[in-house]
Amino acid sequence: MTAAALLGAALLAVPVAAHATAAPAAAPAAPAPAAAAAAATGLDDPAKKDIAMRIVSSAENSSLDWKAQYKYIEDIGDGRGYTAGIIGFCSGTGDMLDLVEHYTRTAPGNVLAPYLPALRKVNGTDSHAGLDPDFTRDWAKAAQDSAFKKAQDHERDRVYFDPAVRQGKADGTGTLGQFIYYDAIVMHGDGGDPTSFRNIRKRALAKAKPPAQGGNETAWLNAFLDARVWAMKQEEAHSDTSRVDTAQRVFLKKGNLNLDTPLDWKVYGDPYRIG
């Protein structure tokens with residue numbers, strides 16, 4: 001949950017081949033869900049994705065029950081206004097606005113739609129102007145709507161999860177590396193500021209090479225986590241680095257590059273386990 005206003009762009013450009021043919025071939029049918037799941041080879045495997053969500057929830061919400069967080073909303077005093085939902089969408093950073101806009105496109109007339117003008121005005125600030133006193137109540141009410149849950153899932157994937165997994169695979173990292181990227185982009189966003197995901201990665205590149213460039217995976221991930229810790233310490237709200245030190249580092253030191261269970265870790269001193 002961080003400065004995510006610029007997070008809509010994917011991390012990798014995907015080349016599109018143009019073919020001068022008289023008649024384009026018919027588009028292949030979309031893969032069945034089972035086939036799509038079988039094609040997933042990292043954090044995008046549904047079981048691994050659920051693990052990722054549970055680990056992030058342990059840090060963001062002190063709970064492994066990430067599906068209970070659709071209704072979560074509070075101002076945690078980090079200068080980003082309200083933080084809410086399964087990934088910490090913020091009223092001050094643009095991703096909450098994007099979420100409510102997407103929700104309103106898919107479910108016109110929803111209970112949050114009237115707040116769109118206020119969300120546009122408070123974007124970039126920590127203000128609650130036009131949101132209080134009923135926004136938190138209406139957010140919880142919206143969270144009972146399956147369309148709102150789907151909207152949160154959609155924006156999580158579009159802005160955070162899918163770009164992190166793509167970059168992880170491009171860098172040649174396994175499931176753990178893709179998770180490390182995901183947790184970083186959730187907290188830091190991918191804007192142009194020095195602590196953004198892309199600049200954390202750039203800082204790591206000065207110290208090591210990712211596997212896709214001939215580097216050692218463990219050395220690369222350690223370099224990335226070093227850069228991540230530096231970025232966290234630049235802001236008081238993120239200065240507790242236990243989500244790296246006693247969670248991600250633990251998995252890495254054990255050589256668990258596939259993020260296989262059982263997993264034991266601590267965040268803010270609290271122990272967690274996925275068996």
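Reader: How do the axes of H2 and H7 cross, and within what distance do they come?
Author: In this predicted model, the axes of helix H2 (residues 46-61) and helix H7 (residues 175-188) come within 11 Å and cross at roughly 40°. That makes H2 oblique to H7. Axes are lines fitted to C-alpha atoms, for helices over the stretch in contact, and angles run from 0 to 180 degrees between N-to-C directions. Angles under 35 degrees count as roughly parallel, over 145 as roughly antiparallel, 65 to 115 as roughly perpendicular and the rest as oblique. Helices and strands are DSSP runs numbered from the N terminus (H or I, at least four residues, for helices; E, at least two, for strands).

Reader: Is the crossing of H2 and H7 left-handed or right-handed?
Author: The crossing of H2 and H7 is right-handed. The term applies if the near helix is turned clockwise from the far one by less than a right angle, and left-handed applies if anticlockwise.

Reader: Which residues make the contact?
Author: H2 contributes Lys48, Ala52, Met53, Ile55, Val56 and Glu60, and H7 contributes Thr175, Phe179, Tyr182, Asp183 and Val186. Contact means heavy atoms within 4.5 Å. By class, the residues of this contact divide into seven nonpolar, one polar and three charged. Here Ala, Val, Leu, Ile, Met, Phe, Trp, Tyr, Cys and Pro count as nonpolar, Asp, Glu, Lys and Arg as charged, and the others, Gly among them, as polar.

Reader: What about H3 and H5: at what angle do they pack?
Author: H3 and H5 pack at an angle of about 50°, with their axes 14 Å apart. That makes H3 oblique to H5. Their crossing is left-handed. Met96, Leu99, Val100 and Tyr103 in H3 meet Phe135, Trp139 and Ala142 in H5. The contact of H3 with H5 has seven nonpolar, no polar and no charged residues.

Reader: Staying with H5, which of its residues are buried?
Author: Phe135, Asp138, Trp139 and Ala142 are buried in helix H5, which spans residues 135-142. They cover an arc of only 105° around the axis, which puts them on the same side of H5. The arc is that of the directions from the helix axis to the C-beta atoms. Buried means under 20% relative accessible area, exposed over 50%, and partly exposed in between (1.4 Å probe, protein chains only).

Reader: And what do the buried residues of H5 pack against?
Author: Their partners are strand S1 (73-75), strand S2 (82-84), helix H3 (95-106), helix H4 (116-122) and helix H6 (146-170).

Reader: Changing topic: is Arg201 buried or exposed?
Author: Arg201 is buried, with a relative accessible area of 16%. Its place is in helix H8 (residues 197-205). Not counting residues up to four places away in sequence, Arg201 touches Gln167, Asp171, Tyr181, Gln213, Trp220 and Phe224.

Reader: Now the backbone. Which peptide bonds are cis?
Author: The bond from Asp132 to Pro133 is cis, with omega near 10°, and Pro133 is in the loop between H4 and H5. A cis peptide bond also joins Thr261 and Pro262, with omega about 5°. Pro262 lies in the loop between helix H10 (242-253) and strand S4 (263-267).

Reader: Which residues other than glycine have a positive phi?
Author: Ser62 has a positive phi of about 55°, and phi of Tyr268 is near 55°. Most residues other than glycine have a negative phi, and most peptide bonds are trans. Ser62 is in the loop between H2 and S1 and is partly exposed at 45% relative accessible area. Tyr268 is in the loop between S4 and strand S5 (270-274) and is partly exposed at 39%.

Reader: What does Glu74 touch?
Author: Leaving aside neighbours within four places in sequence, Glu74 is in contact with Gly81, Tyr82 and Thr83. Glu74 is found in strand S1 and counts as partly exposed at 37% relative accessibility.

Reader: Lastly, what conventions apply to numbering and confidence?
Author: Residues are numbered from 1 along each chain as its sequence is written, and side-chain values use heavy atoms, with hydrogens and water left out. As this is a predicted model, local features need pLDDT of at least 70 and side-chain atom pairs count only at pLDDT 80 or more, while totals for chains, interfaces and linings use all residues.
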